[in-house]
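Here is a friendly walk through one protein model, written for someone who likes to know how each value was defined. Please keep the viewer open as you read.

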Amino acid sequence: MPDSDLQGRGEEGEKQVTGAKVIAQALKEQDVLYMFGVVGIPVTEIAMAAQELGIRYIGMRNEQAACYAASAVGYLTGRPGVCLVVSGPGLIHALGGMANANMNCWPLLVIGGSSERNQETMGAFQEFPQAVRSSIYGRPGACYIDIPADFVTQLVNAEAVKYKACCLPPPISMADTSAVCQAVSVIRSARQPLLIIGKGAAYARAEENIRKLVEQCKLPFLPTPMGKGVVPDNHPNCVAAARSRALQFADVIVLFGARLNWILHFGLPPRYQPDVKFIQVDICAEELGNNVKPAVTLLGDINAVTRQELASQKSVPMNYYTVFYNVQEQLPKDCFVVSEGANTMDIGRTVLHNCLPRHRLDAGTFGTMGVGLGFAIAAALVAKDRSPGQRVICVEGDSAFGFSGMEVETICRYNLPIVILVVNNNGIYQGFNEDTWKEMLKFRDATVGAPPMCLLPNSHYEQVMTAFGGKGYFVQTPEELQKSLKQALADTTKPSLINIMIEPQSARKAQDFHWLTRSNM
């Protein structure tokens with residue numbers, strides 16, 4: 001059907017469009033990229049209109065296969081694919097794909113044509129953003145939209161149609177902090193822990209943080225069939241080759257987006273120890289506690305929850321997440337947070353919370369380094385005048401602190417009770433520990449042998465503060481950080497600087513899976 005048949009001019013010359021055009025544009029507004037289907041009356045015009053707008057239409061030979069394809073697109077892209085079907089048998093054929101999408105928790109839109117009915121007006125086409133939102137928020141799944149035949153062919157004034165803005169990605173929810181601490185405690189006390197990585201972890205794009213958790217905590221993992229690849233199958237921590245034994249002898253099992261269904265033998269003996277402790281991480285509250293009562297439940301986005309677990313680990317040297325997790329626990333809700341640095345600022349944005357407007361200052365649009373202490377001084381003066389007792393927390397990378405570190409003298413001269421946190425990794429982005437630094441300088445001068453991003457290891461920036469009469473702290477463990485921050489926040493009479501040593505570079509630790517060695521198999 002030519003384009004002229006899908007739109008026209010009304011009696012007064014206004015541009016008119018068909019319902020098919022409106023439907024296609026509504027899908028386009030929702031970032032729909034792919035449509036699969038078997039066309040027929042009355043949905044053929046919808047497929048044609050979609051193609052004209054750049055939505056890729058793939059004509060299939062059976063609605064069931066079309067629905068499977070559309071749901072897979074939803075899994076792979078995070079935005080729902082569309083399955084276009086006719087009413088009656090066409091919709092019935094698609095039901096298998098819809099059920100499969102719901103069981104797999106994959107976003108899917110099924111659009112079906114039905115018999116005509118009277119329509120008073122097109123109005124604002126509300127159904128599509130609502131359906132897209134329903135398909136991707138919470139546990140993803142299939143949504144069905146029924147399109148009457150006369151709706152497809154009806155002409156309306158194009159200017160009267162109001163399209164809703166694209167549905168935003170699902171909000172990121174985090175688990176309760178106390179539950180995260182409980183989960184970490186259970187994992188730490190385990191003799192034979194095991195991570196099971198499900199396709200929910202893949203859908204959540206949690207691969208980077210789960211891999212960090214596996215490597216930093218030396219945890220063996222087992223992927224489910226569609227959880228494969230979140231951490232590579234050839235990773236030394238993968239115990240897929242000893243699957244039965246891993247399940248049978250684990251005393252603590254963490255489920256990342258994996259359900260205790262038939263694939264995992266429902267979590268029951270004899271495949272598992274009768275007293276095995278399950279820690280369940282899932283976006284869907286209804287899934288928590290199915291078949292087996294878990295020791296800990298972590299309701300939230302899998303990627304965000306994994307990041308929380310990383311933050312709460314007690315290993316040393318600390319990483320950024322560990323530092324910010326412990327800082328966040330003590331931050332006053334009404335405090336000003338000033339932040340600058342590379343990783344320090346970027347990671348801090350996601351972990352350090354603000355509860356009030358105009359209470360966060362960082363490098364901003366211009367990305368300027370060196371603003372931190374000046375911003376902190378300004379915030380402290382405003383707070384002193386308007387809200388006495390309100391604290392200013394200045395979070396600095398060690399490199400960023402160097403730009404304006406001598407303003408510590410200004411802070412002390414005016415006795416502004418600012419708490420400065422220097423997150424010290426011995427460099428810009430990354431540095432080296434003291435032993436590596438000394439080894440490098442044995443053979444070359446620093447001007448030619450030291451990487452440009454390196455700074456002097458273990459620099460005692462806290463002594464800049466003590467030199468001018470403030471309080472300085474040098475910390476290397478979470479316990480030391482907690483104690484020093486508590487003291488700094490309690491003292492409102494003078495400024496403080498806490499120099500926080502973290503791991504200069506990430507390094508995989510030695511693995512220890514003695515309970516899964518071949519001699520035990």
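## Basis of the model

This is a predicted model, in which local features need pLDDT of at least 70 and side-chain atom pairs count only at pLDDT 80 or more, while totals for chains, interfaces and linings use all residues. Residues are numbered from 1 along each chain as its sequence is written, and side-chain values use heavy atoms, with hydrogens and water left out.

Helices (H or I, at least four residues) and strands (E, at least two) are DSSP runs numbered from the N terminus, and two strands pair if DSSP finds at least two bridges between them.

Strand β17 (residues 419-424) is joined to the parallel β21 (residues 496-501) by six bridges, and Asn-424 has Met-501 as its bridge partner in β21.

## Strand β14 and its cover

Why is β14 described as largely enclosed by the rest of the structure? Five of its five residues are buried, where buried means under 20% relative accessible area, exposed over 50%, and partly exposed in between (1.4 Å probe, protein chains only). Phe-336, Val-338 and Glu-340 are buried on one side of β14, and Val-337 and Ser-339 on the other.

Five bridges pair β14 with β16 in the parallel sense, and Val-338 has Cys-394 as its bridge partner in β16. Two bridges join β14 to β15, where Val-337 stands opposite Arg-360.

## Helix α1

Helix α1 (residues 19-29) is mostly covered, with eight of its 11 residues buried. Among them are Lys-21, Val-22, Ile-23 and Leu-27. Just after α1, Asp-31 takes a positive phi of about 65 degrees.

## Backbone exceptions

Most residues other than glycine have a negative phi, and most peptide bonds are trans. Asn-291 has a positive phi of about 75 degrees and counts as exposed, at 51% relative accessibility. Asn-426 has a positive phi of about 65 degrees, but this residue is buried, with a relative accessible area of 2%.

A cis peptide bond joins Ile-41 and Pro-42, with omega about 10 degrees; Pro-42 is in the loop between β3 (34-37) and α2 (44-52). The bond from Pro-269 to Pro-270 is also cis, with omega near 5 degrees.

## A nonpolar surface patch

Pro-270 lies in the loop between β11 and β12, and Trp-262 has its place in the loop between β11 (252-256) and β12 (277-282). Trp-262 counts as exposed, at 64% relative accessibility.

Together with Phe-266 and Leu-268, Trp-262 forms a nonpolar surface patch with about 360 Å² of accessible area. A salt bridge is a side-chain nitrogen of Lys or Arg within 4 Å of a carboxyl oxygen of Asp or Glu. Accessible areas come from the Shrake-Rupley method with a 1.4 Å probe, and for residues only the protein chains shown count as cover.

Terms used: Patch = residues over 30% accessible without salt bridge, like charges linked within 9 Å, V, L, I, M, F, W, Y side chains within 5 Å.
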